[in-house]
Amino acid sequence: MRMTDDAYVIIGASLAGAKAAETLRAEGFAGRVVLIGEESELPYERPPLSKGYLLGNDPRDGGRVHDAGWYAENRVELRLGTVAEEIDTTRRLVTLHPADSLHPADSLKYDKLLLATGSRVRTLTIPGSDLTGVRYLRTLDQADALLEGLRAGGNVVVVGAGWIGLETAAAARHYGCSVTVVEMDSLPLRPVLGDEVATIYRDLHVAHGVDFRLGAGLSEFQGEDGHVTGVLLADGTVLPADLVVVGVGIRPAVELADSAGLRVDNGIVADARLRTSDEHIWACGDVVSWFHPELNTHLRVEHWANALNGGPAAAGSMLGKGEDYAPVPYFFSDQYDLGMEYAGWVTPGEYDAVVFRGDPSATGDGAPEFIAFWVAGARVLAGMNANVWDVTDQIQDLVRAGWAGRSVDLTALADPAVPLDQLLG
């Protein structure tokens with residue numbers, strides 16, 4: 001390992017940032033590595049916050065990327081509770097300030113910089129939004145507070161029927177809470193899954209006792225003595241609430257990049273190697289909108305796999321060893337007894353039909369087992385396996401083939417007797 005005076009600085013002590021630091025050392029970089037994070041927690045993975053930890057199945061520290069000793073052992077300078085306030089791209093300096101604001105700012109010189117700043121939750125500013133008991137879920141301390149609230153039982157109102165909202169609703173039912181989900185759209189998850197599969201998730205939650213208020217707007221959070229007691233809908237309905245969980249999406253944390261003059265457009269814009277408009281700065285994870293060479297467009301993906309794989313990809317690029325970053329987007333969700341994995345990239349309006357392999361309807365014996373394929377013509381654009389396992393690689397092969405213009409026989413695609421790996425010949 002050749003020693004060097006170069007300093008590689010990573011802003012964002014997240015899964016993406018921590019995996020980038022790990023890769024730099026694994027690939028032989030011997031210079032200074034500094035990992036900066038706003039939270040005081042060791043870098044951790046976020047999926048358990050709405051899954052295993054919220055259900056009480058996983059320990060609080062179970063999602064840590066590395067244990068505390070790993071950073072010292074690998075000479076990674078971990079600066080937690082620290083806010084990066086400014087990037088001077090001319091002098092290649094980052095201005096840092098402790099998050100407690102009790103200590104003076106200092107500057108850190110970098111030779112190469114990686115932005116893994118992630119996302120921030122979208123918040124509501126309607127009357128009553130500052131009441132105690134109105135919760136969000138993005139960080140570990142927010143998960144702690146939400147877990148305490150769910151264990152107390154009572155009436156829970158979930159605002160937003162995306163992945164966080166539905167996983168939280170399932171956790172609330174696990175603790176015996178009465179749950180109402182308020183969503184402005186006509187179906188939960190419809191912007192991601194389309195009507196066909198979104199209907200399955202609506203029916204799944206209804207079967208577990210969740211009440212949906214679809215096509216509903218919010219007017220106010222009501223409260224007494226500073227604590228939320230109800231949710232006033234736009235039509236005048238009042239939903240009783242001991243706890244409100246707001247899950248209305250996230251936004252990329254681009255403020256630092258924007259103020260530094262980097263190109264920003266629905267995230268920090270980067271090329272296929274994750275390099276930004278500044279030759280000394282890279283970006284990865286939720287915050288980056290990078291050029292995907294197989295899709296010939298820029299993507300911004302907010303899921304775990306992109307953080308897991310994007311950090312190492314950016315680190316390799318910083319070292320000059322990287323290849324184009326061209327993953328098949330992947331995510332997973334567990335709700336009640338329905339586990340799923342999704343691979344691909346498609347939005348409503350960009351596919352012709354959903355082809356089901358297996359019966360997607362729930363039965364009295366439990367959750368269904370099926371695979372759903374979103375197709376355009378006879379090309380597979382995305383696939384979701386629900387309670388069907390060990391097929392992700394085959395689905396991703398079908399997706400890559402679809403991106404490349406290759407078609408499949410749709411009758412065979414729907415036939416469970418035809419192995420997936422035989423569909424491409």
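**Strand pairing and a packed helix**

S5 and strand S6 (residues 106-109) are antiparallel partners, joined over 4 bridges. The model is predicted. Strands of a sheet pair through backbone hydrogen bonds, in either a parallel or an antiparallel sense.

- Strand S4 covers residues 82-88 and strand S5 covers residues 93-98.
- S4 and S5 run antiparallel, with 6 bridges between them.
- Ile87 has Val94 in S5 as its bridge partner.
- The hairpin of S4 and S5 has 4 residues between the strands.
- In that hairpin, Arg92 adopts a positive phi near 55 degrees.
- Where S5 pairs with S6, Leu96 stands opposite Asp106 in S6.

**The sheet of S22 to S26**

- This open sheet has 5 strands, and the pairing is antiparallel.
- The strand order is S22-S23-S26-S25-S24.
- Strand S22 (330-335) and strand S24 (353-359) are the edges, and each pairs on one side only.
- On average, neighbouring strands of this sheet are turned by 15 degrees against each other, direction ignored.
- S22 meets strand S23 (residues 338-344) over 6 bridges, in the antiparallel sense.
- In this pair, Asp334 stands opposite Gly339 in S23.

**The helix on the sheet**

- Helix H9 (residues 392-403) packs on this sheet.
- H9 touches S22, S23, strand S25 (369-376) and strand S26 (379-386).
- The direction of H9 makes about 160 degrees with that of S26.

Notes: Residues numbered from 1 in each chain as written. Predicted model: local features only at pLDDT ≥ 70, side-chain atom pairs only at ≥ 80, totals over all residues. Heavy atoms only, no water. Pairing = 2+ DSSP bridges. Helix = DSSP H or I, 4+ residues; strand = E, 2+ residues; numbered from the N terminus. Axes fitted to C-alpha atoms, helices over the stretch in contact; angles between N-to-C directions. Contact = heavy atoms within 4.5 Å.
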